[in-house]
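Colleague: Could you take a close look at one part of this model for me? I would like to hear about the sheets and what surrounds them.

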Amino acid sequence: MQDVEVENLTKRFGNFTAVDALTFNVGHGEVFGLLGPNGAGKSTLIRMMTTLLQPTSGTAIVGGYDITHQQDDVRRSIGVIPQAMTSDLELSAAENLLIFAKLYSVPREKRKRLIADLLEAVELTQWADAPVKNLSGGMRRRVEIARGLVHEPSILFLDEPTTGLDPVSRVSVWEMLRKIKAERDLTVL
C-alpha cells in the first residue's frame, strides 16, 4: 500500500522551476528521505504535499487524498514538523499541545491522555508545565514533534527537523523519531 503517490509534480514561480515533474511513491511504514542541496526544491515539495502550496501541474495523493481537491482530508491524515520552530514560547509544552489538539478537534476526553502519552514519548513529562522559552533547542524540537502528532496522523512530514541542534541533541531527536515511528506505525518523509 502506498501512503504517498507523487506523479509529475511541478511548481514554477514565474520562469523559475522549483520542482520539475517529480514522480515517486512512499509505501506504508516507510521512511523516505529527500536529499539535495539548498535551493533544490525540497521544502517547496513538502509545502505542496502538505497543501500549503498549489502545484503548477502534476498530482499527489497523500494518505489516500488528492492534495488539490481534498486538502482538509490530507491535513487530517498528516503531521508536519516545519523547519522553523513555531511553538508559542510563552506557553508550556502541554499548553502548546492542547491548542493543537483543540484545533484538530481531538475529543476532550481523549486530549489529556494523548498529551501525557506524547510528552512521555518525547521525554518531556517533567517539563510539561515549563514555558517553552525555558527549554533547550533539542527540547523545543521535541515539543514540535509531539505537537505534530497530537491528532494521531498516519504520515509525518519533517522539514530538516534537526537544523540548529548540537550533535548530541540531533542524535537524540533521530533516536526518538525512530522509536515513535515504530510505536505509532508512521510513514515518515
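Modeller: Happy to; what follows goes through the sheets, then a loop residue, and then the aromatic rings. Please keep in mind that this is a predicted model.

Let us begin with the antiparallel sheet. It is an open sheet of four strands, in the order β2-β1-β3-β4. At its edges stand β2 (16–27) and β4 (65–66), each of which pairs on one side only. Further in, β1 (residues 2–13) and β3 (residues 57–62) are joined by five bridges in the antiparallel sense. To find your place in the display, look for Val6, which stands opposite Ala60 in β3. Helix α1 (residues 42–49) lies across β1, β2 and β3, and its direction makes about 120° with β1.

Now for the parallel sheet. Here three strands form an open sheet with the order β5-β6-β7. The edge strands β5 (78–81) and β7 (187–188) have a single partner strand each, so one side of each is left without a neighbour in the sheet. Four bridges in the parallel sense connect β5 with β6 (residues 155–158).

If you follow the chain on from β6, you come to the loop between β6 and α6 (167–184), where Leu165 has its place. Is Leu165 buried or exposed? Its relative accessible area is 7%, and because buried means under 20%, Leu165 is buried. Setting aside neighbours within four places in sequence, Leu165 is in contact with Met85, Gly137, Gly138, Arg141, Arg170 and Val173.

The aromatic rings complete the tour. The structure holds one aromatic pair. The ring centres of Phe24 and Phe32 are 4.8 Å apart and the planes meet at 10°, so this pair is stacked. Phe24 has 11% relative accessibility and therefore counts as buried. Charged groups also sit over rings: Lys11 lies over the face of Phe13, at 5.3 Å from the ring centre. In another place, the charged end of Arg147 is positioned over the ring of Phe100, 4.3 Å from its centre.

How values were computed: Residues are numbered from 1 along each chain as its sequence is written. This is a predicted model: local features need pLDDT of at least 70, side-chain atom pairs count only at pLDDT 80 or more; totals for chains, interfaces and linings use all residues. Side-chain values use heavy atoms; hydrogens and water are left out. Rings of Phe, Tyr and Trp (its six-membered ring) pair if their centres lie within 6.5 Å; planes under 30 degrees apart count as stacked, over 60 as edge-to-face and the rest as tilted. Buried means under 20% relative accessible area, exposed over 50%, partly exposed in between (1.4 Å probe, protein chains only). A charge sits over a ring if NZ of Lys or CZ of Arg is within 6 Å of the ring centre and within 35 degrees of the ring normal. Two strands pair if DSSP finds at least two bridges between them. Helices (H or I, at least four residues) and strands (E, at least two) are DSSP runs, numbered from the N terminus. Contact means heavy atoms within 4.5 Å. Axes are lines fitted to C-alpha atoms, for helices over the stretch in contact, and angles run from 0 to 180 degrees between N-to-C directions.
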